[in-house]
Amino acid sequence: MYNSKITGLGYFVPENVVTNDDLAKVMDTNDEWIQERTGIQERRHVIKGEDTTMSMGVKAAKIAIERAGIDKNDIDFIVFATLSPDYYFPGPGVMVQRELGIKTVGALDVRNQCSGFVYGISVADQYIKTGMYKNVLVIGSEVHSTGLDFSTRGRGVTVIFGDGAGAAVLSREEDNSKGILSTHLHSEGEHAEELSLVAPGMGKRWITDIIKDNNPEETSYYPYMNGQFVFKNAVVRFSEVIMEGLMANGLTEKDIDLLIPHQANLRISQFVQRKFGLNDDQVYNNIMKYGNTTAASIPIALTEAWEQGKVKDGDLVVLAAFGSGFTWGSVIIRW
């Protein structure tokens with residue numbers, strides 16, 4: 001069995017910066033309120049007609065492939081994680097294959113929201129471990145801004161989310177002491193509706209229903225989040241799945257060199273940091289600049305940390321995420 005190793009990283013965020021003060025102009029909120037509850041100071045929003053979930057993913061992927069030192073046609077498989085695809089179908093994976101001009105490799109779309117990139121890494125890792133593929137491209141990309149409620153009614157959700165994309169190339173590693181040591185995935189569908197967007201969908205509310213009603217007060221096509229309930233579950237599941245990964249490899253929290261949590265809420269990250277006794281240099285957060293970019297948050301943060309020299313050879317790097325579904329997971333990496 002092989003290990004898989006991250007050999008290339010890249011990210012892309014739109015140039016359009018939206019501050020808390022900008023949001024305060026269109027809804028009843030303020031910078032102090034947002035920062036106190038989330039830690040977010042600003043986020044990026046696409047400019048309509050310039051970038052999409054797919055196009056941002058392509059831009060991030062090009063950087064990751066170049067840094068991996070391989071040709072695009074060395075990519076054997078594509079995994080694209082997003083909750084905001086350009087089209088209802090087909091998914092963006094095949095569109096990345098087309099836009100990059102890669103040979104007719106397989107393309108898989110992952111719909112696991114905030115833990116999407118962690119799930120995508122786990123899928124890629126299994127393909128490489130078994131010897132089926134040598135190089136797998138994993139992308140996390142999101143456009144939230146075009147589907148949010150920019151009114152006081154939607155402020156509890158809208159202030160949190162931003163747009164962006166990150167990508168990683170996973171390659172075969174013959175040294176089993178390096179690369180991805182293990183991945184751990186969980187779900188608890190009992191609480192699926194506590195963080196959800198139910199329309200349009202084939203289940204309860206499809207586009208024809210929305211058009212027929214033409215109700216300006218209809219909220220089913222905006223994201224819903226039971227914030228306190230999500231927070232309480234997140235801090236528990238983050239801690240559990242990080243410890244699960246460490247124990248599976250005979251490690252403890254003292255072995256962690258860098259923890260990169262999904263950027264859901266700075267308060268969640270700080271809670272986990274205190275629980276594991278980590279200092280500020282051992283946890284990387286960038287939610288202050290980008291908000292919650294869902295499937296893109298971990299690859300953006302991991303790329304930034306690597307660019308800043310915070311990820312070094314031999315380091316133990318832990319990725320962890322929790323989000324809608326509920327789904328959560330962790331990845332344990334020896335860099």
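This is a predicted model: local features need pLDDT of at least 70, side-chain atom pairs count only at pLDDT 80 or more; totals for chains, interfaces and linings use all residues.
Residues are numbered from 1 along each chain as its sequence is written, and side-chain values use heavy atoms, leaving out hydrogens and water.

Let's begin with strand β6, residues 135-142. Helices and strands here are DSSP runs numbered from the N terminus, with at least four residues (H or I) for a helix and at least two (E) for a strand. Is β6 buried or exposed? Buried means under 20% relative accessible area, exposed means over 50%, and partly exposed is in between, with a 1.4 Å probe and protein chains only. On that scale 8 of the 8 residues of β6 are buried, so the strand is largely enclosed by the rest of the structure.

In a regular strand, side chains alternate between the two faces of the sheet. Here, Asn-135, Leu-137, Ile-139 and Ser-141 point one way, and Val-136, Val-138, Gly-140 and Glu-142 point the other.

Who are the neighbours? Two strands pair if DSSP finds at least two bridges between them. Strand β4, residues 77-81, pairs with β6 in the parallel sense over 5 bridges, and Phe-80 has Ile-139 of β6 as its bridge partner. Strand β7, residues 164-173, runs antiparallel to β6, with 8 bridges joining them. Ser-141 is partnered by Ala-165 of β7, and Gly-140 by Gly-166.

Gly-166 comes up again, as the bridge partner of Tyr-11. Strand β1, residues 3-12, pairs with β7 in the antiparallel sense over 9 bridges. As for β7, 9 of its 10 residues are buried, so this strand too is largely enclosed by the rest of the structure.

Among the buried ones are Ile-298, Leu-302 and Glu-304. After α11 comes Gly-309, with a positive phi near 80°.

Now, rings. How many aromatic pairs does the structure hold? There are 9, counting rings of Phe, Tyr and Trp (its six-membered ring) with centres within 6.5 Å; planes under 30 degrees apart are stacked, over 60 edge-to-face, and the rest tilted. Phe-77 and Tyr-127 make a tilted pair, 4.8 Å centre to centre with 55° between the planes. This pair links distant parts of the chain, with Phe-77 in β4 and Tyr-127 in helix α5 (residues 116-129), 50 residues apart. Phe-77 is buried at 7% relative accessible area, whereas Tyr-127 is partly exposed at 25%.

The rings of Tyr-88 and Phe-89 have centres 6.5 Å apart and planes at 70°, so that pair is edge-to-face. Tyr-88 is partly exposed at 49%, and Phe-89 is exposed at 67%. Elsewhere, ring pairs link Phe-229, Phe-322, Phe-326 and Trp-328 into a cluster.

Last, charges over rings, which need NZ of Lys or CZ of Arg within 6 Å of the ring centre and within 35 degrees of the ring normal. Arg-155 lies over the face of Trp-33, 5.7 Å from the ring centre, and Arg-172 over that of Tyr-2, at 4.3 Å.
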